[in-house]
Structure formats: structure tokens, C-alpha cells
Amino acid sequence: MSVDFKGAHYPESVILYAVYFYVRYGVSYRDLEEIMEERGAEVDHATLNRWVVKFGPLMAVQAQSRKKPTAKSWRMDETYIKVKGKWTYYYRAVDNTGKTLDFMLSERRDKAAARRFFKRAIGTNGVPDRVVIDKSGANLAGLQSINVILKFTGSGNTIKILQVKYLNNIIEQDHRFVKRITAPMLGFKAFHSAEATLAGIETAHMIRKGQLHANGLTAFQQFAELAA
């Protein structure tokens, strides 16, 4: 299913370029407005924001459906993202080679949020053999509740849970890319726009990590291909 640009007042290529540049390089909307103007496209910062919020999640859905297979050994952790002046919790998971599995922004850090994240990640990537988490009791409880569901409704196989800090270094390092891109944005004014922007950032990050089939395309071309 392709991304629909029907009703847009600008060419698809202009929209995709603006969205990709924002989520890949971490600029402000004011700076992006100037960059677009230098390239012959006069687009105000409010329109640029609407493009990122609308198309970022759509591109992320396409990336998830087209990404290469991932490993069955996971690393899960959460980091912090500021929304409306308050810290929210950003759940992320990668496999043991560093490939992105899934991500979810939450206003709370508790068992329910952790369970919701694991259900989402499993729905996208399948059931893992093992998951490494930190010492968080909420993450442990969330994953244990998933195991209960798997035991009684699935194949009977459950997920091995490891709480070993040094094994999670790979995802803690991976958080840095997201932090570096979001830093110039100076926080988000709304939860839904934060979710949408982060989805776009994760898509660009997946391309950077070689998770899509490049077929000789540049990173931007791979991003644009997701809309086809």
C-alpha cells in the first residue's frame, strides 16, 4: 500500500525531501524553511511541521513492513523525551546486532506500558527467544505477563528474560542517534507530534543501519521508495 499524497499543494518529491531532511539531520523548522527556500521551494515552517506529523508515521509503517528479518535475541530499554515541558518515556528495542525492532512513546513507565510495548513489538517482529532488559521491575512484570499469555494461548514457548546491564549497552548506544536528532528540536509541544516525528526519525535510522533493501539506492532514495 503506497503513501497517498492526494490533495498536497507541493510535488511529492518536495514533501519527501523536507520530511527526510528533518528526521535525518536534526534541524529546527525555521532552519528547514530556509533550506527549502534555497532549493527553490517556499514552504512555511507550519506546513513543514504538518508534513512531518502526517507522513512520518506512514513512512514508518512502510519501513516496518519492508525491513529485513531481525534476530530473535532482543535488547529493550527506555529513554526520556520531553513533551510539553515534561519528560515522557520512550520505549525502544533492537536485536542483538543493533537492528531496530520497534519503539513506543508513553506518558507512563509502568507494567501496563511495558506490556503494551512488548505486544506491539511481537506483533511486528514475531516472538523472540530471549529479551535483555534493565533492572526495572515494571519491564520485568510486563514481560512476565506476556509470557503468561504465550504459555496459555500460544505454542507454549515462553521468552527467556535476562536482566544483565552490560548486555544492554547496544541499545543504550543506539538511543544516542535519536537524542542527537531531537536535541535541536528543543522538545515537543504535543504528544501526537512527538510520536509522529520519532517514527520518522526511527525510519531514517533504520535506513542508516541498512535494514532496508538498498538495491543501489542512496539513503534518501530508499526513504522516497517507501512512499511508492
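Tutor: A salt bridge is a side-chain nitrogen of Lys or Arg within 4 Å of a carboxyl oxygen of Asp or Glu. The model discussed here is a predicted one.

Student: What is the general idea behind such a pair, and how far apart are N and O in the salt bridge of glutamate 172 and lysine 165?

Tutor: Side chains of opposite charge can pair when their charged atoms come close. In this structure, glutamate 172 and lysine 165 are joined by a salt bridge with an N to O distance of 3.6 Å. Because buried means under 20% relative accessible area and exposed over 50%, the two partners are classed as follows. Glutamate 172, at 30%, is partly exposed, whereas lysine 165, at 59%, is exposed.

Student: How many salt bridges does the structure hold?

Tutor: The structure holds seven. One of them pairs aspartate 174 with arginine 92, whose closest N and O atoms lie 2.6 Å apart. This pair connects distant parts of the chain, with aspartate 174 in helix α6 (residues 169-182) and arginine 92 in strand β2 (residues 86-95), 82 residues apart. Both aspartate 174 and arginine 92 are buried.

Student: Which other residue forms a salt bridge with arginine 92, and is that residue buried or exposed?

Tutor: Glutamate 202 does, with the closest N and O atoms 2.7 Å apart. Here too distant parts of the chain are linked: arginine 92 belongs to strand β2 and glutamate 202 to helix α7 (residues 191-208), 110 residues apart. Glutamate 202 is buried, as is arginine 92.

Student: How many residues has the largest nonpolar core, and which of them have the most contacts inside it?

Tutor: The largest nonpolar core has 47 residues, and Tyr22, Leu32, Leu48, Trp51, Leu105 and Ile201 have the most contacts inside it. Elements giving two or more residues to this core include α2, α3, α6 and α7. Its largest share, nine residues, comes from α1.

Conventions. Residues are numbered from 1 along each chain as its sequence is written. This is a predicted model: local features need pLDDT of at least 70, side-chain atom pairs count only at pLDDT 80 or more; totals for chains, interfaces and linings use all residues. Side-chain values use heavy atoms; hydrogens and water are left out. Helices (H or I, at least four residues) and strands (E, at least two) are DSSP runs, numbered from the N terminus. Buried means under 20% relative accessible area, exposed over 50%, partly exposed in between (1.4 Å probe, protein chains only). A nonpolar core is a set of buried Ala, Val, Leu, Ile, Met, Phe, Trp, Tyr and Cys residues joined through side-chain atoms within 4.5 Å.
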